[in-house]
Structures are given as structure tokens and as C-alpha cells.
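This report examines how side chains pair and pack in the structure shown below.

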Amino acid sequence: MYVDSHCHLSMADFVERMPDIRSAMAEARVDRALVICTTLEEFDAVHALALQYDNFWASAGVHPDTEGLKEPSYEELIDLGSRPRVVAIGETGLDYYRLNGRSIADMAWQRERFRVHIRAARTLGKPLVIHTRSASDDTLAILREEGAGVQGVFHCFTETAEVARAALDLGFHISFSGILTFRNAQDLRDVARWVPMDRLLIETDSPYLAPVPFRGKVNQPAYVPHVAAQLSELKGCSAEEIGRVTSANFERLFQLPAAGSAA
């Protein structure tokens, strides 16, 4: 019924509780999840989950806000992105939220890292998972320069309607998280109301950003129906219809078979 298109399940606490996590998913009718990689160091753990469970898939990439760890090369991303059950490159993008006294010019290393991910995605023919925070102008500019023919998703979308329109014009999907249910997120709900149904995805970004009524608790894939329920109110349809449409969008974007088909 539902797909969690972006979650972080490789941390030890989740791995130890995986039977309970998966049982809760089944009860909530969340039948698939994309487990996201944020560092090269965690890739093996992320990939292991996708190899172990036939309704999990993996990405390969380095989060833009990660410093002091191994830098991804084009060749390494091609290698990791070619492995079985790796369906996306990322998450990648730009994050200028914590400059810590630096200027935007000082963040050239982030922009180069982003370009490397885009080039790998284009070579592999796989979608990009985009993270952008306080950096939407540069994110869009680099996608326009480097991303011809590349598709993907702006995950955990919190930007303006203008950014959403630009992302859609570039052929990207828009994914909404539990933030959509927060009391102070009316502007975001206004954006979500008009995003075309065939470009929508839903996610938890677990373990972060648990939706109402679980706000402040550890998030998990079983909570993604609450995002669908909020979207259904905005779109004037049932939560089940949101689940059906976003699942079909997930399958199309990440080049996966329909639920119940061979993996």
C-alpha cells in the first residue's frame, strides 16, 4: 500500500530492532522502503539491509553536510551504484545551513562533491536523491549545468513554491515527510497541495522528523501513512489513493517492479 521512499535504517539501534521495525511496517501496510546512504563508511551496512530483505533497496552517496570522512570519487560511486539492489545515487546536494563562520564561497568542496554525484548518476542512468537546505539557488543552478537527462527526487521538501516549480521543470519528483503534519508548516502544505500527483513521493526520513502524533519520538517507516493522510486532506482524496499513486511513482522513478512482482 505505502512506500517509505527515504529512511536511514543502518544505525545499530534500528538493525537490532529490525524484526520489530518490519513487523510494524507490515501492520501499517508499508510494503517497501529505500534505505539511504550518507557516507561511504556506512555503505556496507546500508547495502546489507537491501541484500537481506527483498522489500528494501539502497542508495550510494555522501551527504553534503558530511565532513572529515572519505570523499567520494566518480569511480567509487560508479562501483557502488552498480551493485545489486542499489537504485539511486545520494543523498547528495548542498547544505549551507551550518556555515560555522565560513562564506558560501568557502563551500566549493560541497559543490564539487555534488557535481561528482550528478555525473555518476548520469553515467549509471539512475536517479539522484537531492538534499538541499539554505542552498536552493546553487542546487538548482548546478543541476541545470550538470544534470541534463538526470532525474531524481528533492527529498524531505521544505522549500518554497518557486523552488518546487523549478525542480518539477527539471523533471524531478518532490517528496514530503512528517514535517507536512507540523502545526507551523502551513506554507509547506500550500506547496504540497498543487504538486502534481504523478510527481509526489512520501517518506519518513527515519529516525528524524516523526509526524504528528509521534512528533518528538524516534521515527520509523511504519509512520509514513500519516504523511499520506495529510496529503490526502490537501488533495481531496483518500490516503489509500495517495499510497497507490506514490507507490507507482516510486516504481517508475527507481525502475522497480510493482509490489508483488519479482524483485
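Salt bridges, defined as a side-chain nitrogen of Lys or Arg within 4 Å of a carboxyl oxygen of Asp or Glu, number 17 by this rule. The model is predicted, so local features need pLDDT of at least 70 and side-chain atom pairs count only at pLDDT 80 or more, while totals for chains, interfaces and linings use all residues. Residues are numbered from 1 along each chain as its sequence is written, and side-chain values use heavy atoms, with hydrogens and water left out.

Side chains of opposite charge can pair when their charged atoms come close.

| Asp-31 | Arg-32 | 3.0 Å |

Exposure is described by relative accessible area: buried means under 20%, exposed over 50%, and partly exposed in between (1.4 Å probe, protein chains only). Asp-31 is partly exposed at 25%, whereas Arg-32 is buried at 5%. Glu-162 is exposed, with a value of 53%, and Arg-165 is partly exposed at 42%.

Asp-190 and Arg-193 have the corresponding spacing in helix α8 (residues 186-194): three residues, or about one helical turn. Elsewhere, salt bridges with shared partners connect Glu-112, Arg-115, Arg-119, Glu-145 and Glu-146 in one network.

Arg-165 also has an aromatic neighbour: its charged end sits over the ring of Trp-194, 4.7 Å from the ring centre. The criterion is NZ of Lys or CZ of Arg within 6 Å of the ring centre and within 35 degrees of the ring normal. Arg-22 likewise lies over the face of Phe-56, at 5.0 Å from the ring centre.

Rings of Phe, Tyr and Trp (its six-membered ring) pair if their centres lie within 6.5 Å; planes under 30 degrees apart count as stacked, over 60 as edge-to-face and the rest as tilted. Tyr-223 is buried at 14% relative accessible area. Phe-250 and Phe-254 form a tilted pair, with 5.1 Å from centre to centre and 50° between the planes. Phe-250 is buried at 0%, as is Phe-254 at 2%. Ring pairs join these two residues and Trp-57 into a cluster.

A nonpolar core is a set of buried Ala, Val, Leu, Ile, Met, Phe, Trp, Tyr and Cys residues joined through side-chain atoms within 4.5 Å. The largest one has 69 residues, and those with the most contacts inside it are Phe-56, Leu-128, Phe-154, Phe-157, Phe-176 and Leu-231. Helix α7 (residues 161-169) contributes the most to this core, with six residues. Leaving aside residues up to four places away in sequence, Phe-176 touches residues including Phe-157, Leu-188, Val-191, Ile-202, Glu-203 and Leu-231, where contact means heavy atoms within 4.5 Å. A second, separate core of 13 residues includes Val-3, Val-87, Val-153 and Leu-253.

Notes: Helices (H or I, at least four residues) and strands (E, at least two) are DSSP runs, numbered from the N terminus.
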